[in-house]
Amino acid sequence: MNRVPMTVEGAEALRTELDDLKKVQRPAVVQAIAEAREHGDLKENAEYHAAREKQGFIEGRIQEIEAKLSMAQVIDVNAIEPSGKVIFGTTVTIIHMEDDSEVTYKIVGDDEADVRNKKISVNSPIARALIGKEEGDIVVVNTPSGAVEYEIDEVKHI
């Protein structure tokens, strides 16, 4: 079984969602199904069918989260001695060599990736190019529009 890297924050977010699904949403949908059953004929009861559909979604999401957590290799970047190299969980600031634009990303697991919040997957082309490099290094990222060069400006272990 392949382990999937995940930050401490990502694992905690999944555990929080799982707790909410099991303790809040699941009991609420069970109650909604019970109330809809009291209304009589289930064939034409839209409330009942909507509640059953929601129950299926909740149960599926619970299974999905439990599977992700069982395969997760939770990595606490704060427990790793800073080496100055880009590794999983570090926050890295890079400068586009062509136009000097600057962007900062945190390298996280696949399930945590969210470009709008500046979190990129460890398996993304940018992260793969950055891993193992140090401040001042030039990296080349192959993109659909061609190779792009970046300079690593800063690496933070936060």
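**View 1. Glu59 and Arg26 join their side chains in a salt bridge, at 2.8 Å from N to O.** Glu59 sits in helix H2 (residues 46-71) and Arg26 in helix H1, so this pair ties together parts that are 33 residues apart in sequence. Helices here are DSSP runs of H or I with at least four residues, strands are runs of E with at least two, and both are numbered from the N terminus. A salt bridge, by the way, is a side-chain nitrogen of Lys or Arg within 4 Å of a carboxyl oxygen of Asp or Glu. Glu59 is partly exposed, with a relative accessible area of 27%, and Arg26 is partly exposed too, at 28%. Buried means under 20% relative accessible area, exposed means over 50%, and partly exposed is in between (1.4 Å probe, protein chains only).

A quick note on the model: it is predicted, so local features need pLDDT of at least 70 and side-chain atom pairs count only at pLDDT 80 or more, while totals for chains, interfaces and linings use all residues. Residues are numbered from 1 along each chain as its sequence is written, and side-chain values use heavy atoms, leaving out hydrogens and water.

**View 2. Glu9 and Lys106 meet in a salt bridge, at 3.5 Å from N to O.** This pair links distant parts of the chain: Glu9 is in helix H1 (residues 8-37) and Lys106 is in strand S4 (residues 102-108), 97 residues apart. Glu9 is partly exposed at 45% relative accessibility, whereas Lys106 is buried at 16%.

View 3. Lys68 is buried, with a relative accessible area of 18%, but Glu64 is partly exposed at 36%. Zoom out a bit and both belong to a network of salt bridges that links Glu17, Arg61, Glu64, Lys68 and Asp111. The structure holds nine salt bridges.

**View 4. Glu102, Glu134, Glu135, Asp153 and Glu154 gather in a patch of negative charge on the surface.** A patch is made of residues with over 30% relative accessible area and no salt bridge, with like charges joined within 9 Å and nonpolar side chains (Val, Leu, Ile, Met, Phe, Trp, Tyr) within 5 Å. Among its members, Glu154 is found in strand S7 (residues 146-156) and is partly exposed at 34%.

Definitions and conventions
Accessible areas come from the Shrake-Rupley method with a 1.4 Å probe; for residues, only the protein chains shown count as cover. Lys and Arg count as positive and Asp and Glu as negative; His and the chain ends are not counted. The place of a charge is taken as NZ of Lys, CZ of Arg, CG of Asp or CD of Glu.
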